[in-house]
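User: Hi! Could you walk me through this model with a few questions and answers?

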Amino acid sequence: MRSEDRQKASDYLRLYLVFEEDMLQVPLDEFIPAVIEGGVTAIQLRNKGADLRRTLITGHRIMELIEGTGTLFVVNDRVDLALALGAEAVHLGIKDIPLEAAVSTWPETVYGYSCNCLTDLETAVNGGASYIGVGPAFNTDTKKDLRPVIGPEGIRLITERSPLPAIAIGGIKASNIKNLKGMGLSGVAVSSALCTSGDPYCDAKLMRELAEEL
C-alpha cells in the first residue's frame, strides 16, 4: 500500500457518512451540501435498497454536489461502479471481491476494508487497504446482514494492532460517540443518524464536534 494513500484516507475519516438515499428526510440536493457544511469529511455511497442504475445516477449527482469541497467519495462493495463513476475510493468487506485481487487489478483506487476481528485486520493489512472500518460498534438496524457486535472494547482490540487508520461503524449516533473516545480511532462512520435527520447541518455539526474529541 502506498503511504500517500494511507495519509489521504486518514485525512478524510473524521466524520464518514454511509449514504442511504431511501432514508432521506430532505431532498438530496439540500442534504449533501448541508452535511458537508456541517463537517462530513467523506461520503460512502451504499444505497443497499436501490438498483444499479439508480445508484449510478445518485452517485453522479453526489459527485457534482461535492465537487470542490475536498470531500472523499467512496463506493461501497462495487469496484465496477466506482470505476464507472470515477470515484477515488472503494470500501470492501468479507463478502465482496477479494481485496488483494482488487488492489492488484485496480491499484490506483484507495481501498477501505471492514474488520470485525483480527483475521479481517490481517486481510486488510496484507491485501493493501488504506484504512479500515471497525465494528459493528453498537446494535443497528441499518444493515441487515450484520456481523457480531464487538463494542468499544472489541474496537480497541483491533485498533491497537492496526497500522492502518480506522473508523468505527455500526449504530453510531451523537449520544454514543463519547463511548468511543480513546480507542485509537481516526473518526466515526454514521448512516441513519444523519440520513434520517430533519436538520442534517446541525446534526452533522454536532457529530463532527464529538468526533474531534476522539
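Analyst: A crossing is left-handed if the near helix is turned anticlockwise from the far one by less than a right angle, and right-handed if clockwise. Helices (H or I, at least four residues) and strands (E, at least two) are DSSP runs, numbered from the N terminus. The model is predicted: local features need pLDDT of at least 70, side-chain atom pairs count only at pLDDT 80 or more, and totals for chains, interfaces and linings use all residues. Residues are numbered from 1 along each chain as its sequence is written, and side-chain values use heavy atoms, with hydrogens and water left out.

User: Which hand does the crossing of α2 and α3 have?

Analyst: In α2, Leu-28, Asp-29, Ile-32, Pro-33 and Ile-36 meet Thr-58, Arg-61, Ile-62, Leu-65 and Ile-66 in α3, where contact means heavy atoms within 4.5 Å. The hand of the crossing of α2 past α3 is right-handed.

User: How many disulfides does the structure hold?

Analyst: A disulfide is a pair of cysteine sulfur atoms within 2.5 Å. The sulfur of Cys-195 lies 16 Å from the closest cysteine sulfur, in Cys-202, so the two are too far for a bond. The number of disulfides is zero.

User: Is Phe-138 buried or exposed?

Analyst: Phe-138 sits in the loop between β6 (131–134) and α7 (151–159). Buried means under 20% relative accessible area, exposed over 50%, and partly exposed in between (1.4 Å probe, protein chains only). Phe-138 has 17% relative accessibility, so Phe-138 counts as buried.
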